[in-house]
Amino acid sequence: MTTARALALLGCHTCGLVSRGGGGAHAACPRCGTALHARKPDSLARTWALLIAATVLYVPANVLPIMHTASIFGTQSDTIMSGVVYLWVTGSWPLAIVVFVASVFVPLAKLLALAYLAVTVQRGSARAHGERLRLYRLVELVGRWSMLDIFVVALLAALVQLRSLAEVVPGPGATAFGAVVVLTMLAAMTFDPRLIWDDRDDSTERGNG
Amino acid sequence: MAEREPSVDVSALPQAVAEPPRRSRVSLVWLVPLLALAIAGWLAWHTLSQRGPTVTILFQDAEGIEAGKTRVRYKSVDVGTVKAVELTPDRKLVRVVAELRPDAGDWLVQDSRFWVVRPRVGAAGVSGLGTLFSGAYIGMEVGKSGEEAREFRGLDVPPIVTEGLPGRQFVLRADVLGSLERGTPVFFRRIPVGQVIAYRLVPGGGGVDVQIFVDAPYDQYVTQNARFWHASGIDIELSAGGVNVRTESLASIIGGGIAFQAPPDEGLAPPAEAGAAFRLFATRAEAIAPDPGRVDRYVLYFSESVRGLAPGAPVEFRGISLGVVRDIAVEFDFDSQRFRIPVAIDLYPEKLASRAIPGVKQQQIGRREALDALIAKGFRGQLRTGNLITGQLYVALDLFPNAPKAGIDWSGDPPILPTMPGALTEAQESIGAILRKVEKVPFDRIGADVEKALASLDATLKRVEQLAANVDRDLTPEMRATLAQAQQTLAAAERTMTAAQGTVGADGALATELRDAIRELTRTMQSVRTLTDYLERNPEALIRGKRPEGTP
């Protein structure tokens, strides 16, 4: 398969000008001066780095409370799972499922999916290109919906400030959780889906882009 | 696609500008996971460092305690939160798990105390009012022990005196608790200076140990010779001495109290050690009473009823208290086949001696000689009524010169003093004599006589009745005739009167005639006037007679 990469053609991300790549590894667009890359630079390494960071933060995001609720009836600290359990026990099953899917399942699925993509690309797997691309698009699409919890906490913290009566304070878990979502979104962005089709032969150059 | 060559001439495309290679080969992107690790590590450390020690407190009852809401407070400062409330496996107690502040680790020592603060209303006051709205909380007090502990047994009632309050604790040994309670005030010269903090039965149940706490400036007045007594409520004392009412303060009337004071006639004593034990007397008089000194025990045998005599009743000599009744029992003497009642008394012979015999002699004359001499003079014990209303008895020791001869029985242990029948017994005997005389009155005969008298009275009454009947029968008709006649007479009189009225009345004949006569008389008078007028004008007519009409 002849690709732009095989013909040493580079497309500019900014102005779209296609130009011939020179001998040097680094090139710039002759029209607008933007740095040109055949593939996203350091794509796999960055994806891995962000994925690892997200995985590290995934633990405190689920263990630590994301919200402290203080009211005249007492204070309460909720983690994501305790919130889900609370919703489930009190009978709000649809809501419990939504929160569980958006806040627990999706981030985990994203981490696993990206890790799977990165591993297969690194190993130069030639199978199921189409499925893997679909998986990647799905990951990119659903990524933002995981911020649901953060929005809820942010809204409550802003709205429920009744001094001694009731107060909602975001907990450290919220920070970690937000970081997880952002990091997985970044990881999905830095991952270059074109790598899925790159041949095993090109894999030597892959790291350099 | 592989077969088709691109139709575009690649060489026509512009050449990309070559750039010098970047210097750093290590991608900065790896800082991100490092940063994430740092953040996660910090979060974990922060969370763990915020987490304080957990304690397990066992309570009888978890009323008002809620997991996640109930606070643990030390000196009214929040130091923790209850995390879980659960039952012990045997379901006898409630296990409350609370998480304290991170720096509370060394507060949890063996003698730290926990209790539940709820609103409480007692005689000593109202406490925990704030918890009405905020809900109950767990109070905490840090102990002094060096040994750490994580499991505690919660107190059922809040401690009254918290650790570190200046003052001292003392123990009072009492016979009964009275109206004392935790929190009951302790008074010194009617100033509330402390509180009862605890009480418990002494092992064996032979008394009550009351722990009191006296606040700092006042604890110096608890001297080694201090006497404590019940100032419980209204102290009503019913004794042979009469009714004696005494109170310490209004609060103590409601809630009772304890008062203390050094005996007034004793000098200043050094302050008592903390934890010193004192006796708790029932009354102030008992507490303040000077030490009676030596105590001699004697027994008095009485044959009469001792109803009204109680242990503690006074033993008096002409009104001066010489001792108290210690014990009363009853014995059956097989030799004489009689019951007798031994009354054991405590005599304070020093009181007697100091009054009866001057000090020097007292030493020379022994107890026996002195008493033997007194008994020879008629010194006897006797039961007397101290109070006529309540019937309280006391033992009187007095001289009865006419008493039959008797001696003191020194062989008995305690020695037996001779007695005299009491005044009450004498009175009873004389009443018995009166009753015997009354018995001799022939009530039967008197009854028969009365019966006879009643019968004759009955006959008399019957005769009176007959007489009345006779009167009715004989006299009444005659009286009736007389009455009829009288009626007739009256009718006649009435008729006469009517006739008289007809004659005299306005339309009667007499009146008519009288009117006619008057009219006639009037007419006559008119004729006379006419005649006189005519004669005035024509006096000659008297002589010539009347002139015919029309003549001048």
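Visitor: How many helices and strands are there in chain A?

Guide: This is a predicted model, and in it chain A has seven helices and seven strands. Read from the N terminus on, the elements of chain A follow the order β-β-β-β-α-β-β-α-α-α-α-β-α-α.

Visitor: And what percentage of the residues of chain A count as buried?

Guide: Chain A has 209 residues, and 33% of them count as buried. As for its contacts, if you take those in chain A between residues at least 6 apart in sequence, 66% of them join residues at least 24 apart.

Visitor: Let's look at helices. How do H1(A) and H3(A) cross?

Guide: Helix H1 of chain A covers residues 43–63 and helix H3 of chain A covers residues 93–123, and their axes come within 10 Å and cross at roughly 150 degrees. Angles over 145 degrees count as roughly antiparallel, and therefore H1(A) and H3(A) are described as roughly antiparallel to each other. The crossing of H1(A) and H3(A) is left-handed.

Visitor: Which residues meet there?

Guide: From H1(A) there are Leu44(A), Thr47(A), Trp48(A), Leu51(A), Ala54(A), Thr55(A) and Tyr58(A), and they meet Pro107(A), Leu111(A), Leu114(A), Ala115(A), Ala118(A), Val121(A) and Gln122(A) of H3(A). Sorted by class, the residues of this contact between H1(A) and H3(A) are eleven nonpolar, three polar and no charged.

Visitor: Changing topic: how many residues does each chain put into the contact between A and B?

Guide: Chain A gives 36 residues to the contact and chain B gives 29 residues. On the chain B side, strand S1 (17–18) and helix H1 (31–50) each supply at least two of the residues that touch chain A, and the largest share, eleven residues, comes from H1(B).

Visitor: What classes of residue are on that side of chain B?

Guide: The side of chain B that touches chain A has 21 nonpolar, five polar and three charged residues.

Visitor: You mentioned H1(B). Which helix of chain A does its axis cross, and at what angle?

Guide: That is helix H6 of chain A, residues 172–190, whose axis comes within 11 Å of the axis of H1(B) and crosses it at roughly 165 degrees. This angle makes H6(A) roughly antiparallel to H1(B), and the crossing of the two is left-handed. On the H6(A) side the contact is made by Pro172(A), Ala176(A) and Ala179(A), while H1(B) brings Ala36(B), Ile39(B), Ala40(B), Leu43(B), His46(B) and Thr47(B). These residues divide into seven nonpolar, two polar and no charged.

Visitor: OK, and S1(B)? Which strand of chain A is it joined to?

Guide: Strand S3 of chain A, residues 27–28, is joined to S1(B) by two bridges, and the two strands run antiparallel. If you look for Ala27(A), you will find it opposite Ala18(B) in S1(B). The two strands belong to an open sheet of three strands in the order S4(A)-S3(A)-S1(B), with antiparallel pairing.

Visitor: Which strands stand at the edges of that sheet?

Guide: The edges are taken by strand S4 (35–36) of chain A and S1 of chain B; each has a single partner strand, so one side of each is left without a neighbour in the sheet.

Visitor: Is Leu155(A) buried or exposed?

Guide: Leu155(A) is exposed, because it has 11 other C-beta atoms within 10 Å, and a residue counts as exposed at 12 or fewer. Leu155(A) is found in helix H5 of chain A, residues 148–159.

Visitor: Last one: how many bridges join S12(B) to S13(B)?

Guide: Four bridges join strand S12 of chain B, residues 185–188, to strand S13 of chain B, residues 191–201, and these strands run antiparallel.

Conventions. Residues are numbered from 1 along each chain as its sequence is written. Chains are lettered from A and ligands numbered from 1 in the order in which they are written. This is a predicted model: local features need pLDDT of at least 70, side-chain atom pairs count only at pLDDT 80 or more; totals for chains, interfaces and linings use all residues. Two residues are in contact if their C-beta atoms, placed from the backbone, lie within 7 Å. Ala, Val, Leu, Ile, Met, Phe, Trp, Tyr, Cys and Pro count as nonpolar, Asp, Glu, Lys and Arg as charged, and the others, Gly among them, as polar. Two strands pair if DSSP finds at least two bridges between them. Axes are lines fitted to C-alpha atoms, for helices over the stretch in contact, and angles run from 0 to 180 degrees between N-to-C directions. Angles under 35 degrees count as roughly parallel, over 145 as roughly antiparallel, 65 to 115 as roughly perpendicular and the rest as oblique. A crossing is left-handed if the near helix is turned anticlockwise from the far one by less than a right angle, and right-handed if clockwise. A residue is buried if 20 or more other C-beta atoms lie within 10 Å of its own, exposed if 12 or fewer, and partly exposed in between; C-beta atoms are placed from the backbone.
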